[in-house]
Amino acid sequence: MSPVNYRHLYYFWVVAKEGGFARAAERLGMAIQTISAQVRSLEQALGHQLLKPAGRGVAVTEAGQVALARAEEIFQLGARIPQEVASAATGPALRLAVGLSDGLSKLAAHGLLQPVLQTPGLKLVCHEGEVEQLMAELALHRLDLVLACQPPPHNSSLRLGSERLMVSRVDWYGPASWVDAVAVADFPASLARLPLLLPTAHAALRGRIDRWLSDQGLVPRVAGEFEDSALLSLFAAHGMGVFPVTALGAADLEAMHGLRLLGQSEGLHEEIHAIHARRGQHHLLVQRILAQQSR
């Protein structure tokens, strides 16, 4: 079989994407007859019909669907070449792919990633999802590191390592409209009178918060529940209620004007664990992050 002519494949790809020779000719600035001849040459080379008439346009045959799928891959890769060449010319990139478990304080995660954020040539890729899903991605080496509120299960069949990076006290913040001198002086009892914004039940921290509130004899008024901690703090900053945040994450709250410290909840802590594949622990940037486990 003769090698595929990629120019012919490109013309076929454009015709299939546009749904007809006329629209493809307009897009390419070429004569319809020229494009039609090129596509016929591709069909002859492959020995199968790739397109068939459909109304005023064309449809892709079953054989054409296979060719179209491969063409999509080829030309998507081709579109990335200029950017990747330019990136390579400016210096090597150091890629770090991190998974963040749902419910994890994004402010705290940012603080834990801080030691590597100024790395020259860094390309940071962050994914968010359920812990089980992220650990599977880690085992397949699609991620270098997962930050989660709990370690992996002891009976996990995945060959993963885990270090506890942080145990941080949980503080409560809110806007000035809710955090006044009376509320601060009466903390934590004031939490029973204020609207609370909390992480959803799937977050490990939520269970700890509920137990702590119960131990304090408080029946809270939950005004909102959020999977994303950054979104939670944004709604709080706009006056919806008060919310918990780790002491580490609180350092980034300065960017949100008007938030005040309501109180520090002694006995309530959030843990963040760094989960990695055995091979991943040798990644230079992962090693820098793991070095923080003395926190």
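Predicted model: local features only at pLDDT ≥ 70, side-chain atom pairs only at ≥ 80, totals over all residues.

Mentor: Residues are numbered from 1 along each chain as its sequence is written, and side-chain values use heavy atoms, with hydrogens and water left out.

Trainee: What makes the space in the largest cavity a cavity, and how much space lies there?

Mentor: On a 1 Å grid over the protein atoms alone, a cavity is a set of points where a 1.4 Å probe fits but cannot get out. By this rule there is one cavity of 30 Å³ or more, and the largest holds about 160 Å³, a volume being the space filled by probe spheres set on the points.

Trainee: Which residues and elements line the largest cavity?

Mentor: Its lining, meaning residues with an atom within 4 Å of a point, has 17 residues, and Ser105, Leu205, Ser229, Leu232 and Pro244 lie nearest the centre. Strand S9 (243-246) and helix H9 (229-237) each supply at least two residues, and S9 gives the most, with four; helices are DSSP runs of H or I with at least four residues, and strands are runs of E with at least two.

Trainee: How do you know that H1 and H2 are in contact?

Mentor: The axes of H1 (residues 6-18) and H2 (residues 21-28), lines fitted to C-alpha atoms over the stretch in contact, come within 8 Å and cross at roughly 120°, on a scale from 0 to 180 degrees between N-to-C directions. Contact means heavy atoms within 4.5 Å, and the residues that make it include Tyr10 and Trp13 of H1 and Phe21 and Leu28 of H2.

Trainee: Why is the pair Glu73 and Arg70 called a salt bridge?

Mentor: The term asks for a side-chain nitrogen of Lys or Arg within 4 Å of a carboxyl oxygen of Asp or Glu; the closest N and O atoms of this pair are 3.1 Å apart, so the pair qualifies. Both residues lie in helix H4 (residues 62-90), three residues apart, about one turn of the helix.

Trainee: What sets Pro188 and His141 apart in the backbone?

Mentor: Most residues other than glycine have a negative phi, and most peptide bonds are trans. The bond from Phe187 to Pro188 is cis, with omega near 5°, whereas His141 has a positive phi, near 65°.

Terms used
1 Å grid on protein atoms, 1.4 Å probe; cavity = no way out; pocket = protein on both sides within 12 Å on 5 of 7 lines; lining within 4 Å.
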